[in-house]
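Open your viewer and get ready to select a few parts of the model one by one.

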Amino acid sequence: MEKYLSQLNEAQLEPTIQIGGPMIIIAGAGSGKTRVLTYRIAYLMHKGIDPFNILSLTFTNKAAKEMKERISTIVGSSESKNLWMGTFHSVFAKILRIEADKLGYPSNFTIYDSQDSGRLIASIIKEMNLDKDIYKYKQVLGRISSYKNSLITVRAYFQNPELKEADTMARRPRMGDIYKAYVERCFKAGAMDFDDLLLKTNELLTRFPEVLMKYQNRFKYILVDEYQDTNHSQYLIVRALSDKFQNICVVGDDAQSIYAFRGANINNILNFQKDYDDVKVFRLEQNYRSTKNIVNAANSIIDKNQTKLDKVVWTANDEGAKIKVNRSLTDGDEGRFVASTIFEEKMNNQLHNSDFAILYRTNAQSRSIEDALRKRDIPYRIYGGTSFYQRKEIKDVISYLRLIINPADEEALKRVINFPPRGIGQTTVDKLIVSANGYNRTMFEVMKNIDKTNVKVNSGTKKKLQDFVTLIESFQVLNQTADVFELAEHVTRTTGIIKEFNKDGTPEGVARMENIEELINGMKDFVEGQKEIADTTGSLAEFLEDVALATDADADKGDPDHVALMTIHLAKGLEFSNVFIVGLEEDLFPSAMSGNTRAELEEERRLFYVAVTRAEKQAYLTYALSRYRWGKLVDSEPSRFISEIDEQYLEITTPKEELRFNPMLSADIFGDTPSATSKKASPNKIRFKPAKQAVLKKDFKSKKEPEKFKVTTPKNLKPVAKTGGNTNLFDNKLVAGNKVKHLRFGTGEVLKIEGAGADTKAEIKFQHGGTKKLLLRFAKLEVIG
Ligand SMILES: Nc1ncnc2c1ncn2[C@@H]1O[C@H](COP(=O)(O)OP(=O)(O)OP(=O)(O)O)[C@@H](O)[C@H]1O
Ligand SMILES: [Mg+2]
């Protein structure tokens, strides 16, 4: 037996060496699914299967790269270069370039990122004279994206009156027209957006049977990681390509399906056995990643979900440390706790920065963490967020490069036609757009043939337009001989971009210059790297493709010893020794957006499961009692997810009763009665103070007085709340006799005020809920009289 196979356990070995036929591996986090895929590819190659015939689809390009590297250490790099590996988008972009002419596209089509798509849609909304407050371009884009992912083309849209009706009900009767204009404009610009890469692949495979056959024969073996997060469009592609040989191996974990909001369909994994004949199902149960504590805690989380496949996950690893739960007063304190813990852990246990990851629900949460890390001089990197390639100066440079390859690219053209400023105003640009639409030509063509068109501009402007055309054409000539690095250097110099950012000498200008420098250095690396891993030349076209499809988790530059910051969504599939999961607060995680259905709450819970299972040795859960959100300090409740974890796996440094999740206090999301809820959700499992349990149970029965259900948070711990634009109660402006409104207790009258400063308390008689003494610093009070 090959030596590398001994690095698998028996359950893993079986699917690894199962060569033909459809198979699915459903298994929990950290059980070696990705490892099996990797080793399986190596094994197939050892068995003489040509790497040209193997297609492997991963969640990020980084994952594909790591797999490829691992495989090349087993089978040798010259062979592994020929594997087709990458994300759905990157693999099918390649195929679309080869087959572009069939769909009427040039093979050098541009890939519009969501910023380009958004700008184009905003422009169309404006050109159509629609109200931009009703037709919000982001929402319109989201809608178009969901049509595309459900394979609803423009024609299908207009054939289906229900769609039009739905959009009319949503006060956007012109949706279909925008969709149509958007598709036409992309087509004319030789551009595909992200969703097109899947939609057009589907179109290619359905409309051209000979093309389908070609790729069916080519990809005799197909492997898909993270199959639980495929959307309908991706599902159909995999289905079509694997139909002939049915050598398809998918791996996934239904408990980690977290992309429903982007159209991922968990049924793809649940129905796999129905889609193919004689499907072999494999399960892996042993987790190699995490300690017993983490594995068990994670199991206790996912246990709360009703919709799930039954799975066992256990580990032979050490018991490990308990999960630490930490409460902070503010998000700033939370950041400081994280930073100082990292600092101390590094000192005490000789750890590296790269042993730590900080995961959050939303990108906006990174700010307070970053501040704290900077103060401690802890190097960190943010994955995702505004990615490097989305920065203004980088997009400007890239737009020039895109124009060289595809002068029809309207969004790139609009971006740089007057940047750096060359005296071509918006009015001129608008005239070019109108004319281009009228002639059904590209803006570049109109500029090039300006004398033959109806565009009325003065001779000075005309010259400027012609100079711009000449500039781009001169770059095109250079592109025939120079590599991407040389070309970019030339472009940034001759266009004056460098000078433009340099001229004000502001720190911001300098930072932009440095970014451009980093971009150009990155090109040098790209040219070298491309030769090593992929046997290609590192042309401009290849570079642009890489940039367009860089997924947020791919960025991996600079000093590798850094703390990683990212959203939980991005962390899927990754692992870190120590993981902080921050912002565990109601309405943040679970997100406020998930409050409507059980399905949405269950998706949040899966997300929490993903987060916890990233940790190998130590997990931290942190929450703050108040947090700046949308520029306002709002108070927050600990997330129900904390109290859902079995207490024996936690080390809580917090007043435990604070952690109880009381569904009566949150919106009753399922319309369940309290007693019904208590059967399955947390109230019944209030574990932290058994003594109080009896009381609580009783309270839950008395539905009529929900106020009493409040498990009062220790008063001195409730956060500062400034609800309702309240006057600052620290100033003690409240006096006896004031009428106040409390978010939970309703209206009441202040009986007396005692104490001073931060310790000021008010005794308030509430209409319902009796008399209470509240620390003003933390009470949610609004003065109403
Ligand atoms: N048989 C094994 N022996 C030793 N280590 C293993 C074994 N199987 C897997 N591992 C290690 O366990 C960790 C988790 O494996 P892997 O990432 O493949 O799991 P996964 O099921 O893909 O997890 P996820 O669901 O999070 O994507 C990795 O570090 C991997 O190298
Ligand atoms: Mg994996």
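Helices (H or I, at least four residues) and strands (E, at least two) are DSSP runs, numbered from the N terminus. The model is predicted, so local features need pLDDT of at least 70, side-chain atom pairs count only at pLDDT 80 or more, and totals for chains, interfaces and linings use all residues. Residues are numbered from 1 along each chain as its sequence is written.

**Stop two: a pocket.** A pocket is an open set of points on a 1 Å grid where a 1.4 Å probe fits, with protein on both sides within 12 Å along at least five of seven lines; lining residues have an atom within 4 Å of a point. Select Glu66, Arg289, Gly573, Leu574 and Glu575, which lie nearest the centre of the second largest pocket among its 47 lining residues. The lining holds 16 nonpolar, 15 polar and 16 charged residues, with Gly counted as polar.

**Stop three: a sheet.** Which order do the strands of the open sheet follow? The 5 strands run β20-β19-β18-β17-β21, with antiparallel pairing; two strands pair if DSSP finds at least two bridges between them. Color the edge strands, β20 (770–775) and β21 (781–783), which each pair on one side only. Finally, select β17 (739–742) and β18 (746–754), joined by 4 bridges, and find lysine 741 opposite threonine 747 in β18.

How values were computed
Chains lettered and ligands numbered in written order. Heavy atoms only, no water.
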